[in-house]
Amino acid sequence: MQHFPIFLDLNARRVVLSGGGEAALAKLRLLLKTSARITVFAPAPAPEITDWAAAGRLTLHRRAIAPGDALCAVLVYAADEDAALDARTAEIGRAEGALVNIVDNLSDSAFITPAIVDRDPVTVAIGTEGAAPVLARRIKAELEERLPVSLGPLARIGKGFRKMAEHLPFGRARRDFWADYYFDAGPRAMDQGGEDAAQAALDDLLVRHLSASPSGGRVDFVGAGPGDPELLTLKARKALDEADVVIHDRLVSPGILELARREALMIDAGKHGFGKAMAQDEINTLIVEHAQAGAHVVRLKGGDPMIFGRLDEEIDAIAAHDLPYSIIPGITAAAAACASLGQSLTKRGRNSQIRFLTGHDTKGFADHDWRALAAPGEVTAIYMGKRAARFIQGRLLMHGGVPETPVTVVENASRPDQRILETTLARMEPDMEQAGLSGPALTFIGLAPRHPQAELHRLTPHRQEAL
Ligand code: SAH
């Protein structure tokens with residue numbers, strides 16, 4: 001983004017424009033929507049400009065702009081449609097401290113004027129950094145159709161009511177009130193009785209919302225999936241859209257965090273000063289505190305929240321305070337990793353069960369029924385298995401595992417930097433060590449990619465590399 005969109009307060013500020021033709025008229029039509037003090041320099045102004053001057057809407061000087069004319073101006077438009085004249089105007093504007101726009105000259109302009117959909121006070125500005133004016137016009141046309149004309153008056157009336165709405169508690173209650181006004185009661189009242197009815201609807205609505213029982217806090221445990229934002233469920237998306245507070249793990253990818261409601265408070269539970277992760281009971285306390293304060297808390301966990309996510313500890317904490325919660329499942333790493341192998345987790349005649357294991361638990365490397373896991377044809381998905389690779393390999397070989405058993409490690413499954421390592425039980429530890437895995441990695445014992453690596457390049461849009 002080279003051009004940063006902002007809304008500039010032009011009330012009683014000075015804006016200077018040089019030019020009297022078509023380009024000047026187009027800019028002036030926009031500028032006249034504001035309450036800026038507009039001064040135009042034009043030796044031969046179009047009749048509209050003289051009319052506006054006569055009506056006192058702008059000040060007109062029938063001469064070329066000269067040094068000193070842009071003093072105290074915040075914006076200067078060079079709109080003479082003549083390269084030499086415009087360059088001169090721009091020079092004066094810059095020298096006198098204004099931001100300068102030269103019409104149809106992107107590279108020499110300090111700012112650009114976007115395409116605008118005007119439902120004052122709601123203004124939608126559309127910019128394409130000058131790259132595609134056709135696209136901007138099309139988007140504008142679509143928005144013009146989509147946004148009802150009553151939106152402007154509704155917002156204006158709403159704005160005048162903001163102080164009254166502060167009688168409602170901050171946060172969810174106030175948001176529900178405004179959503180009700182803008183998307184339901186307001187448009188209905190406007191259709192039936194115009195602006196007076198919309199004004200009355202606000203009063204009624206406030207009484208109704210004040211007497212409603214305060215909406216309490218709640219917690220959604222949401223699976224963020226393995227990383228690709230498109231692998232989020234619709235329910236997860238909705239929860240993120242409505243959250244007041246999002247408490248997320250380190251594993252949740254930035255593309256997914258972007259989808260959270262802009263005003264939501266984002267808390268990274270994977271960080272706690274000096275790179276240390278937050279302790280579990282600190283996270284529990286955070287969730288409880290925010291929910292008790294009435295917030296809709298989204299506890300966002302990588303993959304599926306019910307798999308190696310310490311979910312029950314968090315549920316115990318909030319259940320102890322009688323707070324309501326729900327669980328929104330997500331795509332677990334094993335499913336995403338297996339998909340990247342062009343494989344199936346179970347297969348008739350190969351494995352009728354699949355085990356999800358953790359490489360280590362709170363006491364260290366986790367122990368399992370190694371003999372059962374080592375049996376031919378078994379498929380095991382190991383989470384958190386990087387550090388435990390040597391231990392797992394040793395245990396399996398010791399309990400009868402065949403050295404040629406296929407082992408596949410998928411690092412950063414579903415992410416742009418996904419990598420796949422094909423190896424065998426005999427070689428898994430040194431191969432993993434040598435690969436220098438730095439991202440989250442899932443290890444499959446007893447499963448090889450269905451297709452050779454060359455084929456895998458075509459299987460998913462993600463880059464896939466043999467390590
Ligand atoms: N609840 C998560 C697992 C949390 S445990 C889920 O259902 O996926 C964390 C482990 O998950 C990591 O150590 C790694 O083994 C695995 N993991 C998570 N995301 C992954 C990804 N994108 N690619 C590979 N493994 C992943």
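In this predicted model, the axes of helix α5 (residues 151-160) and helix α7 (residues 172-211) come within 9 Å and cross at roughly 100 degrees. Helices here are DSSP runs of H or I with at least four residues, strands are runs of E with at least two, and both are numbered from the N terminus. The axes are lines fitted to C-alpha atoms, for helices over the stretch in contact, with angles running from 0 to 180 degrees between N-to-C directions. Angles under 35 degrees count as roughly parallel, over 145 as roughly antiparallel, 65 to 115 as roughly perpendicular and the rest as oblique, and α5 and α7 are therefore roughly perpendicular to each other. Where contact means heavy atoms within 4.5 Å, the α5 side of this packing consists of P153, L154, A155, R156, I157 and G158, which meet W178, Y181, Y182, G186, P187, M190, E195, A198, Q199 and L202 in α7.

Residues are numbered from 1 along each chain as its sequence is written, and side-chain values use heavy atoms, with hydrogens and water left out. Because the model is predicted, local features need pLDDT of at least 70 and side-chain atom pairs count only at pLDDT 80 or more, whereas totals for chains, interfaces and linings use all residues.

## Annotated regions

UniProt lists residues 150-206, in an unreviewed entry, for "domain: Sirohaem synthase dimerisation". Over residues 150-206 the chain is 86% helix and 0% strand, with its end C-alpha atoms 21 Å apart. For residues 119-145 the UniProt listing, again from an unreviewed entry, is "domain: Siroheme synthase central"; over residues 119-145 the chain is 48% helix and 22% strand, and the end C-alpha atoms are 12 Å apart. UniProt positions are given in the numbering used here, feature names are shortened, and annotations may be inferred rather than shown by experiment.

## Further helix pairs

Two packed helices are described by the angle between their axes and the distance between the axes. The table sets out these values for the pairs discussed in this report.

| Helix pair | Axes come within | Crossing angle |
|---|---|---|
| α5 and α7 | 9 Å | roughly 100 degrees |
| α10 and α11 | 9 Å | roughly 45 degrees |
| α14 and α15 | 9 Å | roughly 165 degrees |

The crossing of roughly 45 degrees between α10 and α11 (residues 311-319) makes α10 oblique to α11. A crossing is left-handed if the near helix is turned anticlockwise from the far one by less than a right angle, and right-handed if clockwise; α10 passes α11 in a right-handed crossing. The contact is made by Q280, I283, N284, I287 and V288 of α10 together with E313, E314, A317 and I318 of α11.

V288, placed in helix α10 (residues 280-292), has a relative accessible area of 6% and is therefore buried, given that buried means under 20% relative accessible area, exposed over 50% and partly exposed in between, for a 1.4 Å probe and protein chains only. Not counting residues up to four places away in sequence, V288 touches A317, I318, H321 and L323.

Helices α14 (residues 389-398) and α15 (residues 428-435) cross at roughly 165 degrees and are therefore roughly antiparallel to each other. This crossing, in which α14 passes α15, is right-handed, and A389, R390, I392 and Q393 in α14 meet M428, E429, P430 and M432 in α15.

## Nonpolar cores

A nonpolar core is a set of buried Ala, Val, Leu, Ile, Met, Phe, Trp, Tyr and Cys residues joined through side-chain atoms within 4.5 Å. The largest has 23 residues, and those with the most contacts inside it are L17, L28, I38, V40, I49 and L58. Two or more residues each come from β1 (14-18), α1 (22-31), β2 (37-41), α2 (47-54) and β4 (73-78), and α1 gives the most, with 5 residues. I49 is in contact with G19, G20, L25, L28, V40, L58 and L60, leaving aside its neighbours within four places in sequence. Apart from this core lies another, of 20 residues, among them L373, F391, L437 and A441.

## Backbone exceptions

Most residues other than glycine have a negative phi, and most peptide bonds are trans. The peptide bond from D120 to P121 is cis, with omega near 10 degrees, and P121 is placed in the loop between β6 (115-119) and β7 (122-126). D322, although not a glycine, has a positive phi of about 60 degrees; D322 is found in the loop between α11 and β12 (325-328) and counts as exposed at 71% relative accessibility. M384, also not a glycine, has a positive phi of about 50 degrees, and M384 is found in the loop between β16 (379-383) and α14, where at 40% relative accessibility M384 counts as partly exposed.
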